[in-house]
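Please read it with the structure open.

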Amino acid sequence: MIKYTIKRLAQSLVTVAIVATIVFLLMRMLPTDYFFTEDQLMKLTPEQKTEQLEAAGLLDPMGEQLLRFYGQTIRLDFGQSRRIQSGVPVIRVIGDKFGISLRLGCIALIISLIVGVVLGIIQTLNKDHILDHVGTAYTIFVNAVPSLVSYSLVLVFGSKVLGLPPIYSTRNPGPSSIIPIACLTLASIASYALWTRRYMVDELNKDYIKLARIKGMSSKTIMVKHVFKNAFVPLVQYIPASFLYTISGSLLAERFFSVPGMGPLLTDAITRYDTNVVQTLSIIYASLGIIGVFLGDVLMMLVDPRIKLAGKGGTR
Amino acid sequence: MGKKNDELFRFVEYSAEAAERTGYSDYSYWKSVFQNFMKKKSAVVMAIIFFALVIFSFIALMIGKYNYSSLLTDSALAFQSPNGEFWFGTDNLGRDYWCQVWFAAQTSIKLALIVAIGECVLGVTIGCLWGYVRQLDRLLTELYNIINNIPMIIYMTLISLMVGQSFFIMSVAMICFGWLTMARNVRNLVLMYRDREYNLASRCLGTPVWRVLVKNIFPYLVSIVILRLALSIPSTIALESTLSYLGLGLGIDTPSLGILLRNARNYFLDYPYLLIFPAAIVSLITITFYLVGNAFSDAADPRNHV
Amino acid sequence: MKKAKKLAAVLLTAALAMGTLAGGGMVSSAEELNELWTFETSNRELENLIILNTEMANDLNVLCNTTEGLLETDSKGQLIPGIASEWGTEDGGLTWTFKLREGVKWVDWQGNEKGDVTAQDWITALEWVMNAKKNGANNTSMPTTLIAGAGDYYNYTKDLSDEEAYALDKTKFLEMVGIEAPDDYTLIYHCVSNAPYFDTVATSACLYPMAQGFIDEVGVENVLSTGIEGLWYNGPYTLTEFVQGNTKTLTKNPLYWDTEAKLFDNVVIRIIEDTTRGYELYDAGELDHTDLSEATLRQIYDDEGHKYHDQLVEKMPRKYSYQMKFNYSKMKDDGTPDDNWNKAVANENFRKSIYYGLNLVPYLARTNFINPLHCENNAYTMKGLLYFSDGTEYTARVAEKLGLPESDGENPRRYDPDLAAECKAKAMEELEAQGVTFPIQIDYYIIAGAQNALDSATVLKQIFEEGLGSDYVTLNIDTYVSSQTQEVIDPQLQSFVINGWGADYGDIQNYLGQETLGEDTAYYSMNYTNINDATDETLLATWQEYTDMVNAANAIVDDLDARYDAYADAEAYMLEHAMTIPMSLEVAWQLTKVNDYTRSNAMYGIQNYMYKNWDTSVDAYTTEQYAEFAEEYNK
């Protein structure tokens, strides 16, 4: 197990390195105009622009830039933000933001996991009855209406009817987080309910369940001991990743409610050519993604002893 | 001894006919799927409505009083609620909304279908290979990790900068980065079924890989694949509108439902009809695919067959 | 349905009341707000904290409150004393002397004293700006052209290593550059040549102060990364909160020199996604003013019974004068010259047909559908930039020279369909002889994904079709993804751009000098119009004539009225030959508790968002009140 973990980690490091390299190269393919603000574009002379690019090392040969980037990354020096918060170390920019995303995201995730899985179970227990249809209708509604629209609806309801603050405010973070969290849970409740129901119904159709029924096992025992446990296995795999992904925040929800989190950071950094921020974020996201999958595998193995990670060929 | 073995056992040349002969029965997989599907009345009704919608979008453009390509702006006519002249009202520039909505509906349906099918074909093919061919596992896992871990928006920015923006580019790009989830799901299922005894037996009998995949494993995939497919349609529409919001979407001459919804977001408190019409169509499309997808996925599960 | 509405209304009122309690000013001093809640959209977040290091409005609108310069601007856009109590020149603008107030303090973010503001702070600051390694060429353009030796110092530092440049003391700088401080409260600038407008430059970021004590405290290499808690402040406010992407709070500086000034206790600047959200917040009592999106404005305006119907007020124009600038050397996508367009645009009758033939009212209505003609622009220079000594506004003099008819209240003053038809007929005849094919393709580029830009472009396309006829021209709307400069301007693909120029300093030269022929300093000629690459001789002769007129005006330094009049001649010449097509001004509508007529309203400088001496009211102003303010203001 330990040997396997080390091997996996080494592989992951390679993956992260490749991702970082590709992102680095991709960013260098963008037009250098991004490097400047509108006003700088207007007011700097072409020579001054070239000097700026030179000073930032953007005109060096690509190999040299890449080596420098590796060197800095290994020393965990992610450089300074150029446009998001000019001159401020990237780590500080991200550090200020990720706590907020994490907090909102985790609350939303816990709520949606509990509500979603319970909803899925209720739907399965009442398959083809009224509660199942209500649940399905909700799932359909959430999926059918684009999120920008459903956010607007939640917002109107929350602020006009319940009198909640319409955007996130640092003065009263509690109440002003309610609407953003509600929006975040909206879609994930639906998806947890959908997949819980799907996997449980699949499980119900299996032969051993039929056998158990014939054997005279109570349907409660069947549900708890067999169906739910087995259906939960594929679901469990995605939970660690989902938790880790809350750090990256939600682009739409955070922008829509002015939450000062990680969500809009990547887009903003790309459009402002803030290469250091983009690269750091990519490394973080890639690591999170890989760790998430790994933890998912471990968790799945704990839940289902039949699954072995270290086994040849790997049946994860 | 070894010599004798060689004489006793030898591989038979594979023949599809011979294989069919032993397994012959009246049972046809797709026929059963179809029969089971037809039993779900709500899904059938929705499917019919969807086809009607597609057909109607063409009729609607023909019977509308205005032609999309020759719409005129008139500030005096802006924000007219639906009336006899403008069936869906007018937008902020006083242009007929009816033809815009139907034109956009066509674009969106076309895009969603192309992307969904593309993702499905690519995802299932790669997923099967990934799961079945051990040698490819490492390579594909690595590829998956890399593509999946580079934020989509970086690709989209670069593509639109270097290649341009059009319907074709958009759909290709979305397929290129959309097959991952499907492939991963398929791969996990294939792994589950790959080493079942009957497959082992099949392999021992010399059945080629493609045939094991298509005949023995694929039917188990169909139900999940279809569900994913059905869900990918609304997510394509949503992704398209997010990308348009960031300036990376379709060209300006191809309005989509996503774009109409994005614009309507600013108006809907004051002029709700601008949101309702496109939202209704999007919802209809999604619901159809959800119900049809679910019904079809149930019907496709071989265990539900008689 | 009705019931629900009622309930919503009750809750709304409650929320409004609560919001006012929490956010807006509590009603202590009878009427005025003592805390101002304002906003910026998310793409205009603060990026720099050092005022010398930025030229972006989104930074300067905040930082002009935390650092204060020599002079201020008042509600009419005139210079008034700031930290400099007296200033002037005795040699026609070659040497400028500023007398500073004593007792002005630098403070930290909590308002504790850090030091005295002296003339040395301006020397420190200019050294910082012109030091290529310290400030990265930001804010260098004006000092380079105006202050003796500044450009040389930049070039000198450019070739030093980072360490050397950081370590420089001011000896070399004072030797090379025309700035001196005979004592702590006198500051003298020496200009390259006569600059009768140099004092207006003192309201720009490039001539703002910076304390040596601050640099020593944080270390040279950390200046740009200092957070709000490490900065030194001398303006009316200090920054006490900065949550990127959400809130900035400016708090009154307790040691601010101008004890008479009317300041808010706090100014809270919130980030919102777009103006629609602003209206929601205003409605919830969480903002004290809001811009209005098209839909909201129309809804409120059309509904007589709307609670805000009587509170709609018009903003003052923003400082940008928008022009349609032709490209005289257009390329096709494949990089070969677009001869068809280049021949057409070189023809004066062609340009004139556009100048007279476009009825821009629907285009202007995009910004202001209630009074489109308030956005009408008939000059190249921004209205209100300068006044003659008799009080005549400069662009009014240009209009007079052009002989523009008085406005009839319906059509733009310039619009003349008959004349346009005449020009079109002549142009078609002349151009056909040169082998130009019709309709002439006009390529206009907008940013992809911006619905607002697309809507405006669509309207413009229709104006072209209706005004000029589709047999004559076709307007094609094309898009670029992110960088107009890189994707469109550099490869010279556009037929024209629509671009607004806001003045850097208070002189017409700053406008007209951007369009001259064969001069490196002419920004638009060098980058957008490509006039220097044109080959048509008549065209070049027209441009040369204009350039000569501008230079003649530049040379008049002792008599400002004569100088402005000469500029007005050049500008009138430019417009008569339709070298540029004036498009619009930005005059939008809002709901507000702020009396805009008491704010700084300068068409140059950075101080229009300095929250000083603003009149406000806890109840929103009404349309009527604003009409009175406007009348009073325009007296």
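A:Y34 is buried, since 20 other C-beta atoms lie within 10 Å. The term buried means 20 or more other C-beta atoms within 10 Å of the residue's own; 12 or fewer means exposed, anything in between partly exposed, and C-beta atoms are placed from the backbone. The model is predicted: local features need pLDDT of at least 70, side-chain atom pairs count only at pLDDT 80 or more, and totals for chains, interfaces and linings use all residues. Residues are numbered from 1 along each chain as its sequence is written, while chains are lettered from A and ligands numbered from 1 in the order in which they are written.

**Around A:Y34**

- A:Y34 sits in the loop between α1 (2–29) and α2 of chain A. Helices (H or I, at least four residues) and strands (E, at least two) are DSSP runs, numbered from the N terminus.
- Leaving aside residues up to four places away in sequence, A:Y34 touches A:R272, A:Y273, C:S482 and C:S483. Contact between two residues means that their C-beta atoms, placed from the backbone, lie within 7 Å.
- A:Y34 and A:R272 are 238 residues apart in sequence. Their C-alpha atoms are 5.7 Å apart in space.

**Chain A against chain C**

- Across this interface, 37 residues of chain A are in contact with 37 residues of chain C.
- On the chain A side, α2 (38–43), α3 (46–55), α7 (147–161) and α12 (251–256) each supply at least two residues.
- α2(A) gives the most to that side, with 5 residues.
- By class, the chain A side has 16 nonpolar, 13 polar and 8 charged residues. Ala, Val, Leu, Ile, Met, Phe, Trp, Tyr, Cys and Pro count as nonpolar; Asp, Glu, Lys and Arg as charged; the others, Gly among them, as polar.

**Chain C against chain B**

- Here 25 residues of chain C are in contact with 22 residues of chain B.
- α12 (294–302), α15 (361–365), α18 (451–468) and β17 (473–480) of chain C give two or more residues each to the chain C side.
- α18(C) gives the most to that side, with 6 residues.
- The chain C side divides into 11 nonpolar, 10 polar and 4 charged residues.

**Domains of chain A**

- Chain A is assigned domain 1 (2–74) and domain 2 (92–303). Domain bounds come from an automatic or database domain assignment.
- The centres of these two domains of chain A, taken over C-alpha atoms, are separated by 33 Å.
- 12 residues of domain 1 of chain A are in contact with 11 residues of domain 2 of chain A.
- The domain 1 side of that contact in chain A has 9 nonpolar, 2 polar and 1 charged residues.

**Domains of chain C**

- Chain C is divided into domain 1 (3–252) and domain 2 (321–584).
- Their C-alpha centres lie 34 Å apart.
- 11 residues of domain 1 of chain C are in contact with 9 residues of domain 2 of chain C.
- On the domain 1 side, α5 (141–146) and α9 (198–201) of chain C each supply at least two residues.
- That side has 4 nonpolar, 7 polar and no charged residues.

**Helix pair α14(A) and α6(B)**

- Helix α14 (residues 275–303) of chain A packs against helix α6 (residues 134–149) of chain B at an angle of about 135°, with axes 9 Å apart. Axes are lines fitted to C-alpha atoms, for helices over the stretch in contact, and angles run from 0 to 180 degrees between N-to-C directions.
- α14(A) and α6(B) are therefore oblique to each other. Angles under 35 degrees count as roughly parallel, over 145 as roughly antiparallel, 65 to 115 as roughly perpendicular and the rest as oblique.
- A:Y285, A:A286, A:G289 and A:I290 of α14(A) make the contact with B:N145, B:N148 and B:N149 of α6(B).
- The contact residues of α14(A) and α6(B) are 3 nonpolar, 4 polar and no charged.

**Helix pair α5(A) and α6(A)**

- The axes of α5 (residues 90–125) and α6 (residues 130–144) of chain A come within 7 Å and cross at roughly 140°.
- α5(A) and α6(A) are therefore oblique to each other.
- A:L119, A:I122 and A:Q123 in α5(A) meet A:L131, A:D132 and A:G135 in α6(A).
- This contact has 3 nonpolar, 2 polar and 1 charged residues.

**A covered helix in chain C**

- Helix α3 (residues 120–130) of chain C is mostly covered, with 10 of its 11 residues buried.
- Among the buried residues of α3(C) are C:W122, C:E127 and C:W128.
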